[in-house]
Protein chains: 2
Amino acid sequence: MNVFYLPDATEGMVSFSEEESKHCVKVLRMQEGDRFCVTDGKGSLYDGELAEAHPKRAVACLSNRRPGYDNRTFTLEIAIAPTKLNERTEWFLEKATEIGIDKVQLFASYHSERRAANVERFRKVMIAAMKQSIKSRLPEIEDVVDFNKLVKQPFDGQKFIAWIDDNVTDQLCDKYEKGKNALVLIGPEGDFSPEEAKLAMDNGFIPVSLGEARLRTETAAVVACHTIQLLNQMKRT
Amino acid sequence: MNVFYLPDATEGMVSFSEEESKHCVKVLRMQEGDRFCVTDGKGSLYDGELAEAHPKRAVACLSNRRPGYDNRTFTLEIAIAPTKLNERTEWFLEKATEIGIDKVQLFASYHSERRAANVERFRKVMIAAMKQSIKSRLPEIEDVVDFNKLVKQPFDGQKFIAWIDDNVTDQLCDKYEKGKNALVLIGPEGDFSPEEAKLAMDNGFIPVSLGEARLRTETAAVVACHTIQLLNQMKRT
């Protein structure tokens, strides 16, 4: 099933963006009458039928608006320092979108390898992953902020900092309470500095371990994301 | 900390392979007296000191043999159909090695995109991930076997098939029993055929879902791997 992204989707006749028109008509060579799925990235899916196969401004008829399977009762936000290699951050974004996430906040900290990011490129990775996994919600992504600012922002839920330190023995999987909103900070390749960890703790972040394994930044982020999802998904807890 | 892989490691003087010698002496330009860590891939780590900086046959002195942090009381095996794009399978191998896995079995089934694999290349990805995450165990990887043969092989533990079917409502995270050996089958891009799923069930595999999200093959494999690890890692279950 082909899926297209239309942020302004509504039942009835709608026009595709130039990018989605090109993908639909030129790349996939869809013809009038062909059927597909449309996501608005805000929680709804639609059935679609191509009404006008225009390569720059395709028109479709949408019907059967319904909530996607990915509507949750909690929110999950992960704040991550972009990795030296962009493709590693992009892998995280793709996998987190598939597994389920609401917001990614980029940040720069003391040991950061990168202090700037191409957020538009990152958003495209998430749009592609949303379409591929037929999700109705496009996760937000926010441009790089300074770590010291980030930890002072208000957040309505449990706040965690994944910090590799011998004194940190609590695990995210043991500290997270099912159903609660969660924000997890994932450090850069060189980890957080002790001062940064202290600042986070002073601002209400719970220091947690993701387990004994030494994980790369993007692996730690995927593991944190899946930990929160799994704990909410389990029937027996 | 630099980590080298020496399958025949033992305390005392040892010779590096040509590949590890090159990496140590030519790439990293290590000199006599420099210190590092050595993994034997079989459960032990050593402290090492370079004794002879030969570019093809470096010699080191090993001491302080100790068990790695990644020794487990259960085994985890994942059987996966190689993805169309090799880099997606390689990403799974890297992440699974980081998170923790004992064996990867490749297989070909009805909807498989690939029926052959470059196992040596895949093993190199796992060796690099083992060294990067300072693991003492190198996961095994077995070349492609036919699905129909695979499901008939004996396995001492719980056997699961991750199958996307509306009738499959049990989840891996609810069915797995902590501490038990686990084998999880992950299907190709086109999933298992109903006949294959039936054959697996007839041979004792429990059909399970990994959750509501529609996951790519390699994402499903990482999620299955992390699910088993997390359930063993949690203190509260």
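Two residues are in contact if their C-beta atoms, placed from the backbone, lie within 7 Å. Helices (H or I, at least four residues) and strands (E, at least two) are DSSP runs, numbered from the N terminus. This is a predicted model: local features need pLDDT of at least 70, side-chain atom pairs count only at pLDDT 80 or more, and totals for chains, interfaces and linings use all residues. Residues are numbered from 1 along each chain as its sequence is written, with chains lettered from A and ligands numbered from 1 in the order in which they are written.

**View 1. Helix α6 of chain B and its cover.** Helix α6(B) spans residues 194-202, with B:Glu196, B:Ala197 and B:Ala200 buried (20 or more other C-beta atoms within 10 Å of a residue's own; exposed means 12 or fewer, partly exposed in between). Seen down the axis, the buried residues fall within an arc of 100°, so they line one face of the helix. The arc is that of the directions from the helix axis to the C-beta atoms. On the other side, B:Pro194, B:Glu195, B:Lys198 and B:Asp202 are exposed. The cover over the buried residues includes α4 (147-150), β9 (158-162), β10 (182-186) and β11 (206-208) of chain B. B:Gly204 follows α6(B) and has a positive phi, near 95°.

**View 2. Helices α2 and α3 of chain B.** The axes of α2(B) (residues 86-99) and α3(B) (residues 119-132) come within 8 Å and cross at roughly 35°. Axes are lines fitted to C-alpha atoms, for helices over the stretch in contact; angles run from 0 to 180 degrees between N-to-C directions. From α2(B), the residues in contact are B:Thr89, B:Glu90, B:Leu93, B:Glu94, B:Thr97 and B:Glu98. They meet B:Phe122, B:Val125, B:Met126, B:Ala129 and B:Met130 of α3(B).

**View 3. The open sheet of chain B.** Five strands run in the order β1-β3-β4-β5-β2, with mixed pairing. Two strands pair if DSSP finds at least two bridges between them. β1 (3-5) and β2 (12-15) stand at the edges, each with a single partner strand, so one side of each is left without a neighbour in the sheet. β3(B) (residues 35-39) and β4(B) (residues 44-52) run antiparallel, joined by five bridges. B:Thr39 has B:Leu45 as its bridge partner. α3(B) packs on the sheet, touching β1 and β3 of chain B.

**View 4. Strands β4 and β5 of chain A.** β4(A) (residues 44-52) and β5(A) (residues 59-67) pair in the antiparallel sense over seven bridges. A:Leu50 stands opposite A:Ala60.
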